[in-house]
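Good morning, and thank you for coming. I would like to take you through one structure, beginning with a sheet and ending with a single annotated residue.

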Amino acid sequence: MALRHYTLDFKLSAAVDSSSTVPDLLSIFHEQEMTETVHETNGHGYLGTFVGKNGWLAILRVHSHGLVTVDLQCYEEDDFAQVDNLLNALESKLKVILNGNITRIKRLPALVRGAEVDRYWPTTDNRLVEYDMDQLVYEEDSAFQNIKILHSQQYGNALILDNDLNLAESDLAYTLAIMGSGRENYTGKEVLILGGGDGGILSEMVKQKPKMVTIVHIDQKVIDACKKYMRGTCGNILDNLKGDCYQILVEDCVPVLKKYVQEGKTFDYVINDLTAIPISMEPEEGFCIVFFFLHFFLYLTSGHKMRLNLILKPCELLVVDSTWEFLRLILDLSIKVLHPSGKYLTQGNAENMTESLGLYEEQLGRLSCPVGFSKEVVCVPSYLEQWVFYSVWKK
């Protein structure tokens, strides 16, 4: 059973006397058989709660500085018309009482709390976005993370990893952007993809007839879930782990990269679909953590679109001074396996995270060899943010 939370705000040009405002409103609550309880505010206006026999809870606050707020909580199954009538009556009455003193009225759609399917997800700068998620399609905990696939009426099925929205079936723009937005020619090329277990990049890549695409992704359960429920993204490409021009290695990418470095193997393209860049430069000195704790820390520091999937086996240790040291490790290893004329392609973060993007660009100047880079901003439908993508090459 979910709860609906309605809000009604009146911004005033001047403070009002609550003793003359509140009594005229009480009859509206009484008609709904709601009982009033007045709370002490130490001279800061009026605060009253009203509880109904049907479980409704209303909070009326007349603020001393010139704001009147009404909050109403009721059950999702309750009569919507009855709820609407109460809010309409309060709005009409307050318009009469506060005539000439109202500068703005704001009534928002209900915030749905406690629903089976969560529809609220934060942006990178902590703005709350409401999606039209209406069905939990799949959920399972792997050895590495919680995996959900939710259905959206607008965006199709969406992959959620540890409560972070990664990719929806609508998001071809993301896939094309991380591949270079049509500027790159993959025909006959050797390509390495880090992450990419949703199959979106691979599905688009094979259309260009590359020589060989190698995906390194650690979580078989993500691949299996996307193969079944994200076919709008991956098509049938994940039905087999090997094809004429691709192979999917279900492994930790760090030792795989190190092995490629030792062997002197190079790729024309390395596409990093692992993690968005962090939003902080705060170091964690002496970090020695297993994958789970690194995953959790990166989730806390990277905000939206974390995409850490997936770098370390649960029992493998990695010592880093900060998340930036970790990302620089992936960068360094990737650049080392990159052909001299190759490209390293990756996502960045939201366009408005300018400090974070600047810090990332500083890291590009600290690699084992000098690199150049370019970036572009792309609108990814389900992200509801402008997203930055990078192209990096050896100088």
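Please look at the open sheet formed by six strands, whose order is 2-3-4-5-1-6 with antiparallel pairing. Strands here are DSSP runs of E with at least two residues, helices are runs of H or I with at least four residues, and both are numbered from the N terminus. Two strands pair if DSSP finds at least two bridges between them. At the edges lie strand 2 (34-39) and strand 6 (102-113), each of which pairs on one side only.

This is a predicted model: local features need pLDDT of at least 70, side-chain atom pairs count only at pLDDT 80 or more, and totals for chains, interfaces and linings use all residues. Residues are numbered from 1 along each chain as its sequence is written, and side-chain values use heavy atoms, leaving out hydrogens and water.

Strand 2 runs antiparallel to strand 3 (residues 46-52), and six bridges join them. Within this pair, valine 38 stands opposite glycine 48 of strand 3.

Now to the annotated residue. Where does UniProt place the feature "active site"? The unreviewed entry places it at Asp273; positions follow the numbering used here, feature names are shortened, and annotations may be inferred rather than shown by experiment. Aspartate 273 belongs to strand 17 (residues 267-273). With a relative accessible area of 2%, aspartate 273 is buried, a term for values under 20% with a 1.4 Å probe and protein chains only.

Key:
Buried < 20%, exposed > 50% of the residue type's maximum accessible area, 1.4 Å probe, protein only.
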